[in-house]
2 protein chains.
Amino acid sequence: MSKRRRHVIAERSMMALGVAAVLLLLLSAWSPGTEAVGSRRRSLLGLLSGRPEAGAASAYSYETAYFPQILDHFVAAESRSFQQRYLVNRQWWKSGGPIFFYTGNEGDITWFCNNTGFVWDIAPRYGAMVVFAEHRYYGESLPFGNDSYKDAAHLSYLTSEQALADFAVLATALRNSIYKTPSSPLIAFGGSYGGMLAAWFRMKYPAIVQGSIAASAPIWWFQGLTPCDSAYLTITRDFSSVNPNCSDNIARSWAAIDRVAKSDLDWIRTTFKLCSPLTPTSVDSFKSWIMDTFFNLAMVDYPYPANFLAPLPAWPINKTCEALATKITEDQELLTALALSLQVYYNSTGSAACFNTSQDATSSLGERGWDFQACTEMVMPMCSEPGPHNMFLAMPWDFAAYSENCYLQFGVTPQEYLVEMEYGGKNISAISNIVFSNGHLDPWSGGGVLESISSSLVAVVIHDGAHHLDLRSATPDDPSDVLAARKLEEQHISQWIKNHSPVHE
Amino acid sequence: MSKRRRHVIAERSMMALGVAAVLLLLLSAWSPGTEAVGSRRRSLLGLLSGRPEAGAASAYSYETAYFPQILDHFVAAESRSFQQRYLVNRQWWKSGGPIFFYTGNEGDITWFCNNTGFVWDIAPRYGAMVVFAEHRYYGESLPFGNDSYKDAAHLSYLTSEQALADFAVLATALRNSIYKTPSSPLIAFGGSYGGMLAAWFRMKYPAIVQGSIAASAPIWWFQGLTPCDSAYLTITRDFSSVNPNCSDNIARSWAAIDRVAKSDLDWIRTTFKLCSPLTPTSVDSFKSWIMDTFFNLAMVDYPYPANFLAPLPAWPINKTCEALATKITEDQELLTALALSLQVYYNSTGSAACFNTSQDATSSLGERGWDFQACTEMVMPMCSEPGPHNMFLAMPWDFAAYSENCYLQFGVTPQEYLVEMEYGGKNISAISNIVFSNGHLDPWSGGGVLESISSSLVAVVIHDGAHHLDLRSATPDDPSDVLAARKLEEQHISQWIKNHSPVHE
């Protein structure tokens, strides 16, 4: 049924994030105290947007540098500034050669640096300088230091427009003053929200950016542009394509949880190894935590063992579905199998003692940053309507509740149409030189550009790919379609470099 | 020698600005107390950027409306807003028809509305809605009311990026909510700084703007993009093409002023009908005033009587040169002729008793706004080097002095490369759907796009045209090249409208 390869290869750690740190961050799911169903905000990268564990080893070598950025680029009398971190590698750079510029997303830039092997793999071939620029308010690039997240007044400069201006100013300085290479073409790379930024960077600053690789960038996941139930339909398809029994069992488990919860909450807690007691009021949050787990599994359903959001085996959905492979109708038997299936995501190393489903999401600095972005301009409607193609619980999109929640948390009102106005929504045919790649397995793919718009605004869909698989470093287990996608991306990169002829006075 | 037609046709007043108001504004030349030579800022429209006289009649009919604009579009937690004025006419509008949208410049929008007859002339043919949007901080669109110009903190939101965002938000509201015509193509029009904004509006918001007519828009009049002496060379060419004796006489007059000033300042005052006594320290300012007058004359050297910056006869440079048509070598004789020639600009109606060359430039609200813009992002270097092709005094471009002056006046530091970074400088080949028109006689033309960059980034030069002659209403005395320019502009407008097919969900 699925075209995906099922074989499991020897486990290899793709990056060096400590297991403890991963668990801490992954388990910081939703904040049940402040979030109403139907008004949820989720970071594109799920729950891992904090700092990597201190001392984590890096797979790649780079210098760490800091650039003085202006706080508000769009007012005239701004004297405040902050230090933006960026990572740079010039070991392959040939004078005048291209600059490969990663537009950092909602997290510590070292993490993206270490998870974007594609850029590192191809840089030597192009004699390229590699730059990873950190997004303001994440990692070390905190405009007000420890006060950066203090309140809306301090957070106010956390917008995509300001982040793009940071990138434009930094790129210009790299070219004109820091490395004195004004004619170097600049290629932007980004995945997920970083991919949205890479695309928007080209849209708004085409003289600075010669072309962009926007991987798994759901630039259309905004009100009126993409059906809000797209993600849960994609995830259900991922699971049912492995085994229809798997998705059917999951679909039945929500009611089973409710029934068992009425009589024996402790049994659920023990079976699912929860750290805290389950209460009647936390059952919804417990179910949300399971939904989120499946969301994350679909994002990282890679064909080889990887440690992107969690240390996982190859094709983790296949593994997750093993315990749910046959139709199970009895409630406790079903939930026992469900608990076992979740071990794939949460305990692949066998070291987790228990799981915390209700940790405050705001305890992670990066998560709070995205929360604020989601409460202002990054309003990405998410909903679920149970049905034959959706194994999930109902979750309506309720903008009023979402908005109220944002107001309570930050004192701000989300602008649901702002991104469409600022970045053109579906009317982007005047733009050029962007490759939009999407993985067919990725829950976010429904909000991406899945069909080419012109010969220079190109879409590529990786059938066996999850969340920006193409940006990961090459492995012997890469499916053929990700190889084809990378080849296409390189063709465009080569063309952009070749066509670059800046006009100097 | 000149191809320009010399005949003078019957005088007609093209607009209703009162003579007194014009004189007041025109004479507010430079502020000699605060400006050093070589650090000058001049508004693109010379000195007329204040409000038109109260009660001035309008040549066109429109409704006046106000739109609540957010103060800072690029921060997240902004709750402050102000009322942006716009003028709208729907008498010819057919449902779903295009929106002709003028991007207001540095002044009262009613003045631009009444001086952009081209838009009014062609709107009926296209069934177009006509909108003139006022630029923030000018006319009635004052974010902080009477405090708007109080200090740099209040002026800080006066930037081109914020103004463009105002236009984008207003245009989106006009389409989606106010007139409920989401599929209407929008064509931007602008002249001078307004033309720069029209071009940049398309660059930054191509989904909102289908194409732009950018008339006499010196988008390249920035550091490193255009030689700073271009304007004075153009003006000299304008004068010498009328009569080489005229420019030669003017070239000699500066030294003559110095010589006479040493012995008889009162003679100069009497001869030039100055309101205030001339002093040894105000002689430089007096010469600057004359240079500015010639600058303005070159901007408005129209083929018919017009009242754009002043009530003037047809081809006013021809008229100005009449008194200077023969070589004059004697100092007082030369200055007497020069004084007579200036009467063309300052006293065509014969009603001015005397001229004030040293009025404080900041007394005009609009002028102070442009001063601030010139001291922050609109750093447009201007210089003069006397030589065989330049009849003017030496005026070096001294950025350090300019910058210091800005700091003294506003406490801000000019960003001389900001516009290039933000709007691409000469590297705009990725942009489409802009017609750049320039008049060969216009001092600003040297900073404009004079050669087409692509089939959709088109330049047209009007040989017999001064400052955006093409935007003025059609007259029987229009030179053939302005007719051709308007025809080309209409061809592109028609094409942009025809090609517009917005994607709706």
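Buried means under 20% relative accessible area. The views below come from a predicted model.

**Figure 1. Helix α6 of chain A and its buried residues.**
Helix α6(A) runs over residues 193–204 and contains twelve residues. From its first C-alpha to its last the helix reaches 16 Å, close to the 16 Å expected at 1.5 Å a residue. Twelve of the twelve residues of α6(A) are buried, so the helix is largely enclosed by the rest of the structure. The buried residues are Tyr193(A), Gly194(A), Gly195(A), Met196(A), Leu197(A), Ala198(A), Ala199(A), Trp200(A), Phe201(A), Arg202(A), Met203(A) and Lys204(A).

**Figure 2. The interface of chain B and chain A.**
On chain B, 39 residues are in contact with 39 residues of chain A. Between them the two chains bury about 3000 Å², with 61% of this area on carbon and sulfur atoms. On the side of chain B that touches chain A, helices α5 (160–178), α6 (193–204) and α15 (418–423) of chain B each supply at least two residues. The largest share of that side, five residues, comes from α5(B). By class, the residues of the side of chain B that touches chain A are 22 nonpolar, ten polar and seven charged.

**Figure 3. Helix α12 of chain B.**
Helix α12(B), residues 331–346, has 16 residues. It reaches 22 Å between its first and last C-alpha, close to the 22 Å expected at 1.5 Å a residue. Twelve of the 16 residues of α12(B) are buried, so the helix is largely enclosed by the rest of the structure. Among the buried residues are Leu334(B), Leu335(B), Ala337(B), Leu338(B), Leu342(B) and Val344(B). Ser341(B), Gln343(B), Tyr345(B) and Tyr346(B) also belong to the buried set. At the start of α12(B), a side-chain oxygen of Glu330(B) comes to within 3.2 Å of the backbone nitrogen of Gln332(B).

**Figure 4. Ala339(B) and its contacts.**
Ala339(B) is a residue of helix α12 of chain B. Its relative accessible area is 7%, so Ala339(B) is buried. Neighbours within four places in sequence aside, Ala339(B) is in contact with Thr271(B) and Phe272(B). Ala485(B) is 146 residues from Ala339(B) in sequence, and the two C-alpha atoms are 36 Å apart in space.

**Figure 5. The salt bridge of Asp331(B) with Arg259(B).**
The closest N and O atoms of Asp331(B) and Arg259(B) are 2.7 Å apart. This pair links distant parts of the chain, 72 residues apart: Asp331(B) is in helix α12 of chain B, and Arg259(B) is in helix α8 (residues 244–263) of chain B. Asp331(B) counts as buried because its relative accessibility is 16%. Arg259(B), at 45% relative accessibility, counts as partly exposed.

**Figure 6. The salt bridge of Glu78(B) with Arg80(B).**
The side chains of Glu78(B) and Arg80(B) meet at 3.0 Å, N to O. Glu78(B) has 12% relative accessibility and therefore counts as buried. Arg80(B) is partly exposed, with a relative accessible area of 38%.

**Figure 7. The salt bridge of Arg125(A) with Glu490(A).**
By the rule used here, the count over all chains comes to 26 salt bridges. In the one formed by Arg125(A) and Glu490(A), the closest N and O atoms are 2.4 Å apart. Distant parts of the chain are linked by this pair: Arg125(A) belongs to helix α3 (residues 117–126) of chain A and Glu490(A) to helix α16 (residues 480–499) of chain A, 365 residues apart. Arg125(A) counts as exposed, at 56% relative accessibility. Glu490(A) counts as buried, at 15% relative accessibility.

**Figure 8. Ser141(A) and its surroundings.**
Ser141(A) lies in the loop between β4 (129–133) and α4 (152–155) of chain A. Its relative accessibility is 0%, so Ser141(A) counts as buried. A polar atom of the side chain of Ser141(A) lies 2.9 Å from the backbone nitrogen of Arg85(A). Residues up to four places away in sequence not counted, Ser141(A) touches Phe82(A), Gln83(A), Gln84(A), Arg85(A), Glu134(A), His135(A) and Arg136(A). A network of salt bridges links Arg85(A), Asp108(A), Glu134(A) and Glu140(A).

Definitions and conventions: Residues numbered from 1 in each chain as written. Chains lettered and ligands numbered in written order. Predicted model: local features only at pLDDT ≥ 70, side-chain atom pairs only at ≥ 80, totals over all residues. Heavy atoms only, no water. Helix = DSSP H or I, 4+ residues; strand = E, 2+ residues; numbered from the N terminus. Expected span 1.5 Å × (residues − 1). Buried < 20%, exposed > 50% of the residue type's maximum accessible area, 1.4 Å probe, protein only. Polar contact = N/O pair within 3.5 Å; in protein donor to acceptor, adjacent residues only side chain to side chain. Contact = heavy atoms within 4.5 Å. Buried area = accessible area lost by both parts, 1.4 Å probe. Nonpolar A, V, L, I, M, F, W, Y, C, P; charged D, E, K, R; others polar. Salt bridge = Lys/Arg side-chain N within 4 Å of Asp/Glu carboxyl O.
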